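This briefing concerns the strand pairing and the nonpolar core of one protein. Please consult the sequence and the structure shown here alongside the text.

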Amino acid sequence: FEEPEDPGNRSFFSEIISSVSDVKFSHSGRYLLTRDYLTVKVWDLNMEKGPVETYQVGNMQVLVHVIIETLYL
């Protein structure tokens with residue numbers, strides 16, 4: 001799974017801040033949570049197009065709710 005990147009928005013730090021730093025699978029095995037420097041993305045392994053949801057790391061209240069909901073489906 002990979003999201004297309006706009007070459008015009010690429011900078012020296014683009015690869016560093018978009019590198020996945022953590023991955024977790026839901027108990028059902030259907031969902032994958034990935035964490036990079038700026039976002040947490042929820043992927044449905046049955047859909048290869050892109051993440052089904054993306055959250056900015058700064059919004060921790062929403063993020064915690066999504067993690068709990070996704071991991072315990």
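**Strand pairing and core**

R35 has V40 as its bridge partner in β3. The model is predicted: local features need pLDDT of at least 70, side-chain atom pairs count only at pLDDT 80 or more, and totals for chains, interfaces and linings use all residues. Residues are numbered from 1 along each chain as its sequence is written, and side-chain values use heavy atoms, with hydrogens and water left out.

**Architecture**
- The protein contains 2 helices and 4 strands, taken from DSSP runs (helices: H or I, at least four residues; strands: E, at least two) and numbered from the N terminus.
- The order of elements from the N terminus is α-β-β-β-β-α.

**Pairing around β3**
- β2 and β3 form a hairpin with 3 residues between them, and they pair in the antiparallel sense over 5 bridges; pairing requires at least two DSSP bridges between two strands.
- On β4 (residues 53-56), β3 pairs in the antiparallel sense over 4 bridges, with V40 opposite Y55.

**Burial and core**
- Of the 6 residues in β3, 6 are buried (under 20% relative accessible area, 1.4 Å probe, protein chains only).
- T39, K41 and W43 lie on one face of β3, and V40, V42 and D44 on the other.
- In a regular strand, side chains alternate between the two faces of the sheet.
- The largest nonpolar core comprises Y31, L33, V40, V42, Y55 and V66; such a core joins buried Ala, Val, Leu, Ile, Met, Phe, Trp, Tyr and Cys residues through side-chain atoms within 4.5 Å.
- β2 (31-35) and β3 (39-44) each supply at least two residues of this core.

Methods: Buried means under 20% relative accessible area, exposed over 50%, partly exposed in between (1.4 Å probe, protein chains only).
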